[in-house]
Amino acid sequence: MTAGRDEGTRPPGGPDGRSEPSVHQLRLFVVLAEELHFGRAAARLFMSQPAFSQQIRVLERRLGLQLVERTSRVVELTHAGQALLPHAHAVADAMATLRHVADTRTRGICGRIVVGTLTAEPAMPHTRAILDELHTRHPDVAIEMRSLNFVNQYEALACGEVDIAFLRPPAPSGIQTLLLAEEPRVVCLPADDPLTAHERLTLDDLTDRAMPLMPPESPQEWRDFWAVNPRPNGTPVRFGPLAVDIEGVLHMIARGQTIGMLPASARDFYPRPGIRYRDVTDAPPCTMALAWFTKNRNRPDIALIRDIARTVLRQKPSG
């Protein structure tokens, strides 16, 4: 089989027609060209294969070209893909250079550090203590906070969009974490759910309730942990509509579409009309962690923040 159709062959267009491709999509294409395998390429970027494939299809629609030939066994670049690849490399390399130039000041412990956070992590005591200590030691460093969601929380670290992040594990391979705290999980229910009559519930009590569907871009291990899927008795979880962030989860619960398993601190940070929180006696606890891309662990700025985090943990009062 040859490497495909000529440059004039265009796959069926979509409503976005010849829209400009994103740097992210070009980066995915470069990785696919290196791996020639959708599964391996997706794994390198902490994405599911369907989500990765969808982004490649969007790139093809936006360019009006078929870039790869797909069969059940192999992936090959088309002639158009081969012609485009050096230019995609150039764009991805230019963005990497831009980030490197920005990082050089940070690596000298000056300039800017971009901190990713998920849900209510910016308000958690450990987050505030670590960032306060960073500011005390290096007051000339600008700390930029960037809100992440269920889709991009790990990809943002791998692609350099954030330097470190305060997240909720489990984290996929390629991301390292430092455990900061642990807390119980609670169930968030629609206010009119009959189960709200009980202050304490078990996972068996929740068997017939749907959970939010997490986006396929998030790691399977992470999705299963937060859904407690399967349940301890082996029952698979039933899923409802898709949610990409905590506000989406809370909206669906208030509308009676799903329930949600959340950290106990959600009671304080996310009170909402139409929802109620209840204890779950047999749900495994959840953790909070400082996370970074494994390949960046020796960068001076990331090593500094790890050191600050360990100092803060040692100073934390016991009990």
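Helices (H or I, at least four residues) and strands (E, at least two) are DSSP runs, numbered from the N terminus. With that in hand, let's start. This is a predicted model, so local features need pLDDT of at least 70, side-chain atom pairs count only at pLDDT 80 or more, and totals for chains, interfaces and linings use all residues. Residues are numbered from 1 along each chain as its sequence is written, and side-chain values use heavy atoms, with hydrogens and water left out.

First stop, the surface. Find strand E9, residues 211-213. Leu-213 sits in this strand. Is Leu-213 buried or exposed, or something in between? Here are the cut-offs: buried means under 20% relative accessible area, exposed means over 50%, and partly exposed is in between (1.4 Å probe, protein chains only). Leu-213 has a relative accessible area of 37%, so Leu-213 is partly exposed.

Together with Phe-239, Leu-242 and Val-244, Leu-213 makes a nonpolar patch on the surface. The accessible area of the four together is about 310 Å². Such areas come from the Shrake-Rupley method with a 1.4 Å probe; for residues, only the protein chains shown count as cover. A patch takes residues with over 30% relative accessible area and no salt bridge; like charges are joined within 9 Å, nonpolar side chains (Val, Leu, Ile, Met, Phe, Trp, Tyr) within 5 Å.

Next, a sheet. Strands of a sheet pair through backbone hydrogen bonds, either parallel or antiparallel. Two strands count as paired if DSSP finds at least two bridges between them. Here 4 strands form an open sheet, in the order E8-E12-E7-E11, with mixed pairing. Which strands are at the edges? They are E8 (200-201) and E11 (260-263), and each pairs on one side only.

Now look at E7, residues 185-190. E7 pairs with E12 (residues 275-280) in the antiparallel sense, over 5 bridges. E7 also pairs with E11, again antiparallel, over 4 bridges. Take Val-186. The bridge partner of Val-186 in E11 is Leu-262. In E12, the partner of Val-186 is Asp-279. Pro-190 has a bridge partner in E12 too: Ile-275. And how many residues of E7 are buried? The count is 6 of the 6, so E7 is largely enclosed by the rest of the structure.

On to helix H7, residues 220-227. Its buried residues are Trp-222, Arg-223, Trp-226 and Ala-227. Seen down the axis of H7, these buried residues fall within an arc of 120°, so they line one face of the helix. That arc is taken from the directions from the helix axis to the C-beta atoms. What do the buried residues of H7 pack against? Their partners are E3 (111-118), E7, E9, E10 (239-242), E11 and E13 (286-293). Contact here means heavy atoms within 4.5 Å.

Follow the chain just past H7. Val-228 has a positive phi of about 50°. Val-228 lies in the loop between H7 and E10. At a relative accessible area of 8%, Val-228 is buried. Pro-230 is in the loop between H7 and E10 as well. The peptide bond from Asn-229 to Pro-230 is cis, with omega near -5°. There is another cis bond between Pro-169 and Pro-170, with omega about 15°. Pro-170 is in the loop between E5 (164-167) and E6 (175-183).

Last topic, charges. Side chains of opposite charge can pair when their charged atoms come close. A salt bridge needs a side-chain nitrogen of Lys or Arg within 4 Å of a carboxyl oxygen of Asp or Glu. How many salt bridges does the structure hold? It holds 17.

One of them joins the side chains of Glu-60 and Arg-70, at 3.0 Å from N to O. Glu-60 lies in helix H3 (residues 49-63) and Arg-70 in strand E1 (residues 68-70), so the pair ties together parts that are 10 residues apart in sequence. Glu-60 is buried at 4% relative accessibility, and Arg-70 is partly exposed at 34%.

Another salt bridge joins Glu-199 and Arg-278, at 4.0 Å from N to O. This pair links distant parts of the chain: Glu-199 is in the loop between E7 and E8, Arg-278 is in E12, and they are 79 residues apart. Glu-199 is exposed at 52%, while Arg-278 is buried at 12%.
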